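Subject: Structure handover

Hello,

The structure is below, together with its sequence. My notes on it follow.

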Amino acid sequence: MIIAVRKGFTESFKQQRLLPVSTFMIPSRLQSTVPVVAARIPCRVKVSAGKRYSWCACGHSKKQPFCDGAHKTKAPGIPPVRFTPEKDGHLFLCACKQTGNQPYCDGTHLKVILQDVVKSVKNVFKS
């Protein structure tokens, strides 16, 4: 029971039972269906011939450009791309996740950078 006091007036009323808070909670992690841009420029990585790699396609990995399993909870519909290089060397792997030649960079990040610049310029003129 709760008692409320207002300008010398005392009133008592029964406290209503509420549903558990968890009933109304929205999931704290939203699942994405579109890849997230991890970086605006490609990642230069050293690879070994015959070794299997998993390239992060969702953009949520903390070990960019490689997968750390983050897609399992944040973007279950976007699995990593697995690839095996034929020779040792350095590769440029896409970090903007917009490439048409996964997992390799095809220059699409320039389009992403240009979109960012255009958005910034529009915001300057809005204010």
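**What was found**

One salt bridge turns up in a search of the whole structure; the term means a side-chain nitrogen of Lys or Arg within 4 Å of a carboxyl oxygen of Asp or Glu. The model is predicted, so local features need pLDDT of at least 70 and side-chain atom pairs count only at pLDDT 80 or more, while totals for chains, interfaces and linings use all residues. Residues are numbered from 1 along each chain as its sequence is written, and side-chain values use heavy atoms, with hydrogens and water left out.

The salt bridge joins the side chains of Asp116 and Arg40 at 2.3 Å, N to O. Asp116 lies in helix 2 and Arg40 in the loop between strand 2 (9–13) and strand 3, so the pair ties together parts that are 76 residues apart in sequence. Helices (H or I, at least four residues) and strands (E, at least two) are DSSP runs, numbered from the N terminus. Asp116 is partly exposed, with a relative accessible area of 27%, and Arg40 is partly exposed at 37%. Here buried means under 20% relative accessible area, exposed over 50%, and partly exposed in between (1.4 Å probe, protein chains only).

Cys43 stands opposite Leu93 in strand 6.

The largest nonpolar core has 17 residues, and Val45, Trp55, Phe83 and Leu93 are among those with the most contacts inside it. Such a core is a set of buried Ala, Val, Leu, Ile, Met, Phe, Trp, Tyr and Cys residues joined through side-chain atoms within 4.5 Å. Strand 3 gives the most to this core, with 3 residues.

The whole structure holds 3 aromatic pairs. Rings of Phe, Tyr and Trp (its six-membered ring) pair if their centres lie within 6.5 Å; planes under 30 degrees apart count as stacked, over 60 as edge-to-face and the rest as tilted. Phe83 and Tyr104 form an edge-to-face pair, 5.9 Å centre to centre with 70 degrees between the planes. Phe83 is buried at 7% relative accessibility, whereas Tyr104 is partly exposed at 28%. Ring pairs link Tyr53, Phe66, Phe83 and Tyr104 into a cluster.

Regards

Notes:
Pairing = 2+ DSSP bridges.
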